[in-house]
Amino acid sequence: MERLWGLLQGAKRLSPGPSQTIYKHVEGTQQGRLQEEEEDREEVAEPPARLCPMELRGPEPRGSRPGRQNLGLWAAAGRRATPYLVLMALLIFTGAFLLGYVAFRGSCQACGDDVLVVSEDINYETSLDAHQGTLYWSDLQAMFLRHLGEGSLEDTIRQTSLRKRMAGSAGMAALAQDVRAALLRQKLDHVWTDTHYVGLQFPDPAHPNTLHWVDAAGEPGEELPLEDPDVYCPYSATGNATGELVYAHYGRPEDLQHLRARGVEPAGRLLLVRLGLISFAQKVASAQDFGAQGVLIYPDPADFSQDPHKPGLSSHRAVYGHVHLGTGDPYTPGFPSFNQTQFPPVQSSGLPSIPAQPISADIASLLLRKLEGPVTPQEWQGRLPGSPYRLGPGPGLHLGVNNHRVSTPINNIFGCIEGRSEPDHYVVIGAQRDAWGPGTAKSAVGTAILLELVRTFSSMASGPAEVFSSSAGMEGYLSLLHLKAVVYVSLDNTVLGDDKFYAKTSPLLISLIENILKQVDSPNQSGQTLYEQVAFNNHSWDAEVIQPLPMDSSAYSFTAFAGVPAVEFSFVEDGQVYPFLHTKEDTYDNLHKMLQGRLPAVAQAVAQLTGQLLIRLSHDHLLPLDVGRYGDVVLRHISSLNEFSGDLKARGLTLQWVYSARGDYIRAAEKLRKEIYSSEESDERLMRMYNVRIMRVEFYFLSQYVSPADSPFRHIFLGHGDHTLGALLDHVRLLRSSGSKALGTASSGVAPVLAFQESRFRRQLALLTWTLQGAANALSGDVWNIDNNF
């Protein structure tokens with residue numbers, strides 16, 4: 001967060017000449033807030049005033065001219081008026097000083113509802129060398145875009161796609177060396193590598209995974225050929241699972257609850273679920289919670305584009321996806337995998353205990369035709385040919401999963417451009433390098449954009465304070481992330497289409513993203529900015545564009561596990577998902593055809609958006625993170641709880657503590673906003689203190705009352721577990737259920753329960769309340785002057 005040198009120099013060049021204050025409306029939630037900007041004007045030449053010399057004389061002798069006496073009277077009056085004249089001059093000076101001070105302070109930004117709007121009238125510089133002259137924000141943008149345009153982004157994407165990048169392979173090691181060499185060529189301040197030895201699962205060629213019908217005697221019979229035998233679910237439980245088949249839609253907890261409501265019990269069965277909406281890991285975890293024996297995951301044609309002019313996924317292709325409901329190496333939970341031999345033989349609680357296997361649409365169609373039972377609801381219907389889509393159950397199946405674990409070296413490559421102010425605070429940008437198959441959309445595009453941004457920033461006169469990395473092993477850097485990381489920007493899955501734009505992000509970044517969208521041209525709407533594209537006929541642009549970070553995003557763990565605000569940008573097809581992600585058909589040619597030749601333009605737009613975001617985060621004097629946004633998040637959830645207040649009151653329970661904690665957080669955010677607005681921004685020590693309080697907000701929402709080993713995603717809004725606000729809401733809903741069936745949603749990430757439990761509710765309320773109250777206390781800043789009512 002480096003203040004540009006031009007702002008400091010501008011303070012020294014303040015002219016005593018006339019100036020004009022311009023009031024500009026600042027986009028934000030507070031209507032009517034004005035931003036004052038001082039615009040220096042050239043002094044107009046005026047004729048010099050005539051100065052008359054004054055002479056001090058003694059008393060005049062008698063007989064002198066009458067005019068002398070009058071002058072004496074005027075002199076006496078002047079002496080009497082002198083104190084008043086001096087006082088008036090002081091008042092005029094003080095008023096002028098305060099007016100000029102307020103006008104100059106227009107650049108001092110308040111966090112909270114308003115986010116810094118960088119005006120083209122404010123001077124910014126990117127170098128300490130005064131002879132380079134002053135750079136306005138528009139100049140800084142032009143410099144960035146000019147250097148970015150000199151690269152070969154499309155060629156880098158194509159070349160990266162052609163390389164073998166399976167984790168732990170020789171091709172992956174070669175690519176890591178090439179990325180490191182590329183960073184070294186750019187003469188970054190620091191470039192380094194670390195190696196983790198991660199426990200990965202791979203298919204066993206000698207014992208492939210199998211799927212069989214079960215005969216009348218309950219023994220495995222005819223084999224169903226897995227058309228894509230190399231595709232598997234990493235971290236699946238190994239072993240055998242036998243049971244009748246049931247169709248469970250997307251495998252969400254509410255889908256499994258619907259099965260039970262229709263009289264089809266998931267427990268003891270194998271579940272057939274569709275790809276999409278939630279991650280593989282969440283599907284398997286839900287199935288396990290409801291007592292299923294195993295899971296088969298297939299891609300339904302209804303979830304992909306039906307445009308005949310665009311390529312589609314082959315019906316014999318299966319889709320790859322891991323099923324670990326956690327982060328990092330599941331065999332060293334909570335610890336880095338630098339050397340596995342030094343850690344006890346423990347496993348993550350997020351590893352499933354049931355086997356899972358991807359299958360193709362062809363095999364799924366064959367299975368569905370064998371199902372009996374009630375017909376599925378209309379919204380559960382897919383587009384597999386000749387399949388009636390019944391719930392089941394159907395004939396018995398036997399699934400055998402024989403994946404084996406291999407300790408695999410993983411190299412993380414880091415490069416750093418150090419800033420001049422607060423160089424110990426980092427803006428981190430990362431991209432995944434490895435891929436299962438060609439991985440063009442999955443990782444090649446992000447890797448190429450990352451390398452182009454490194455080249456661009458190193459080509460500029462001086463760069464923002466950033467850490468560029470092609471991968472991130474978070475568990476080895478928790479101390480670093482908690483104390484020093486400001487924001488993480490993920491470049492994974494950025495280009496999956498060109499119709500719609502999404503920002504999957506923390507609420508803290510929404511206002512900043514809105515401002516950046518106004519600075520980037522739309523790649524598919526000529527003459528429009530990205531903001532104009534997404535806000536067209538949509539008064540609530542953020543409801544259309546902003547999404548929570550999904551669990552299968554690499555950015556998710558930074559926020560839900562490490563407490564760092566993160567963002568992942570994505571261009572996607574309108575209403576349909578990119579069909580080739582995590583398959584062997586995720587090639588450059590298929591992505592290029594899917595975008596009908598627009599891949600370079602869309603990738604360039606992502607690079608522009610990401611680059612300008614990084615400049616703002618690293619050069620703005622104060623971090624432009626909107627700490628007040630989380631108050632809105634809590635209010636939105638509480639409004640869902642309000643309808644149950646009567647049910648709780650009847651049991652002698654209340655949600656008042658959550659309301660109070662939310663109020664304390666709102667007041668703390670407003671207090672910080674006012675402190676910043678009334679402070680002197682030239683005080684670097686004070687500004688650093690404010691930045692530290694702002695950048696730690698996300699971390700405050702990690703529950704300190706649950707174990708990271710047992711509940712790695714401790715975030716009370718985004719995480720999974722009984723400590724989350726989503727879990728509390730799911731539990732409270734049981735007050736109005738029949739009490740005879742389990743209920744759950746994908747938000748809570750906990751096993752369903754049969755009925756409302758007062759003791760569990762009290763514990764959930766305590767976990768949530770004290771975490772939210774702790775966030776409010778920390779944000780207020782003065783730990784010794786907090787009015788704790790609990």
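Colleague: What share of contacts in the chain between residues at least 6 apart in sequence join residues at least 24 apart?

Modeller: The share is 77%. Contact means heavy atoms within 4.5 Å. This is a predicted model: local features need pLDDT of at least 70, side-chain atom pairs count only at pLDDT 80 or more, and totals for chains, interfaces and linings use all residues. Residues are numbered from 1 along each chain as its sequence is written, and side-chain values use heavy atoms, with hydrogens and water left out.

Colleague: What makes a residue buried, and how many of the 790 residues count?

Modeller: Buried means under 20% relative accessible area, exposed over 50%, partly exposed in between (1.4 Å probe, protein chains only). By that cut-off, 53% of the 790 residues are buried.

Colleague: Why is something called a nonpolar core?

Modeller: The name applies because buried Ala, Val, Leu, Ile, Met, Phe, Trp, Tyr and Cys residues are joined through side-chain atoms within 4.5 Å. The largest such core here has 172 residues, and L272 and L367 have the most contacts inside it. Helix α16 (residues 599-619) gives the most, with 11 residues. Helices (H or I, at least four residues) and strands (E, at least two) are DSSP runs, numbered from the N terminus.

Colleague: Which strands stand at the edges of the open sheet of 7 strands?

Modeller: β7 (220-223) and β11 (356-358) do; each has a single partner strand, so one side of each lacks a neighbour in the sheet.

Colleague: How do you know that β8 and β12 pair?

Modeller: Pairing takes at least two bridges found by DSSP. β8 (residues 239-247) and β12 (residues 396-401) are joined by 6, therefore they pair, and they run antiparallel.
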